[in-house]
Amino acid sequence: MASKKMYSVVAVVGIGVASTMAWWLQAPKSDAGAAMGVRPSGVEITQVKKQTLRDDAEAVGTLRSSQNVMLRPEVAGRVLSLGFADGARVRAGQVLVQMDDTLQRAEVQQSLAQMSIAKANYKRNQELVAQNFIAQRSLDESAAALQVSEAQLGLSCARLDRMRLIAPFNGVVGIRNVNVGDYVKDGADLINLENIGSLYVDYRLPERYQTKVMPGQTIEVKLDAFSGRLFKAKVEAVDPLIDANGRSIGVRAVLANTAGEPIAAAGGKGPAAQASSAPVASASTPAVAAKPAASAPVVASGAMRGVALPSPQSLGCPSNAFDRTRINAGGEQNGPLRPGMFARVTAVFAVRPNALIVPEEAIVPQGGKQFVIKAVAPSELPAPAASAASAAASAPVLPPDTKLVSQRVEVKLGLRRGGQVEITEGLAEGDTIVVAGQQRLQKDGSPLRVVELGRGPANPASAPASASGAASGASGADAASAASQAASR
């Protein structure tokens, strides 16, 4: 029993001694003891730099023809002749597909004969009415008959026009799906026509960019088919409707069908730029070689059958309204780009040449605000607003030879690009900030010890300093562990 009581007394006394020693170690020291108790915190630092920063967004898009159409017949019939070759350039107004129009031409001839009779009757009745041989009613009836015959001629001419498929604009035809002699139904796909003198780049951006996208802006386009080439396009229109599924807006830009610009390598004009020009040259070679063939007259495949049919206008039909509104545009179609290509789009909204940037890891969020810890000299700290006595009591006693202390500064953030963030307010160029070790800096005025990680091989002169710093840190850790062991005993 006595031994148990002795053990209890010894345990109580040991706990009391340990608590007293722990309090003594944590109590603030004065003079030299305080100076030795405050140890500098190891941190990594960097400087605020100015750099050109672009406000841009990346997206994927597709190249589309500025004009494209799939030619389809309006009525069923048999193909009589073809006026194009696969992949050839055609001009506006050129007859591409001629259907068998024997019946329609006969109807036109019949209508012309009926109109000729109606005109003769109307002219004869005019003379008889002038001589008071017949009544005015007969003249009116002949005039109405003439109008009916003219309407029948227009109807037969319209049916005749539908038997020809005409190119509505300059462009390049695709690969045909029909041969001479085939019977096609109305609405069947015969041949596609593409105007590729200039192309559209269609892409989508998130809805948060709707206030930044405007017509006339320049975008950068990269194509997987032409690696190492950069193409410039201009925004033409923005879709006013936002997609409810993806919450994105549609944008269309106009891209000239050219070879683009070479993307310079990191060291200037390197092998990358030379290698990138090779595919473009080879891609444009077939188009250059096709120029003499394009200037030659187009020979219709129907000529093999000796088909030479006059136009409806030569039979007396009026000009079609579609012929009068046909677009004669498109220019040369010899560019290397093709509709349907996959495009990587970079929309550039603004360029800031003197933006202040810092690494993202330097930002310390707290309470809905953003802070950065500056490394300043002790003399640059702002004077406290409290009294001198309370300021002297609260300010930490710095170790000797302290060159940098911490100072928390609130900042305003801007753009984020590639691990860097723009500072719009709170810092200036050349300011020294902490990028690692901020969690150990709880209040302003904490002494700092600069640690340069990974700089040993690059700068051997700094190796002794870093080694001494590591040794001092190790000695401090050993002293702390020894004190803790003594307290536990």
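Predicted model: local features only at pLDDT ≥ 70, side-chain atom pairs only at ≥ 80, totals over all residues.
Residues are numbered from 1 along each chain as its sequence is written, and side-chain values use heavy atoms, with hydrogens and water left out.

**The whole protein**
- The protein has nine helices and 20 strands; these are DSSP runs numbered from the N terminus, with helices (H or I) of at least four residues and strands (E) of at least two.
- Of its 489 residues, 33% are buried, meaning under 20% relative accessible area, with exposed being over 50% and partly exposed in between (1.4 Å probe, protein chains only).
- Take the contacts with a separation of 6 or more: 81% of them link residues 24 or more positions apart.

**Buried or exposed?**
- Asp-55 belongs to strand S2 (residues 49–71) and is buried, at a relative accessible area of 6%.
- Tyr-7 sits in helix H1 (residues 2–26) and is exposed, at 61%.

**Nonpolar cores**
- A nonpolar core is a set of buried Ala, Val, Leu, Ile, Met, Phe, Trp, Tyr and Cys residues joined through side-chain atoms within 4.5 Å.
- The largest one has 26 residues, and Leu-63, Val-201, Tyr-203, Leu-205, Ile-219, Leu-223 and Leu-337 have the most contacts inside it.
- Strands that each supply at least two residues of this core include S2, S9 (191–206) and S14 (342–359).
- Beyond its neighbours within four places in sequence, Leu-63 is in contact with several residues, among them Val-201, Leu-223 and Leu-337.
- There's also a second, separate core of 18 residues, which includes Leu-71, Val-79, Val-173 and Leu-193.

**An open sheet**
- Four strands make an open sheet, in the order S6-S5-S3-S8, with antiparallel pairing; two strands pair if DSSP finds at least two bridges between them.
- S6 (164–166) and S8 (183–184) are at the edges with a single partner strand each, so one side of each has no neighbour in the sheet.
- S5 (residues 95–99) and S6 pair in the antiparallel sense over three bridges.
- Gln-98 has Arg-164 as its bridge partner in S6.

Technical notes:
Contact = heavy atoms within 4.5 Å.
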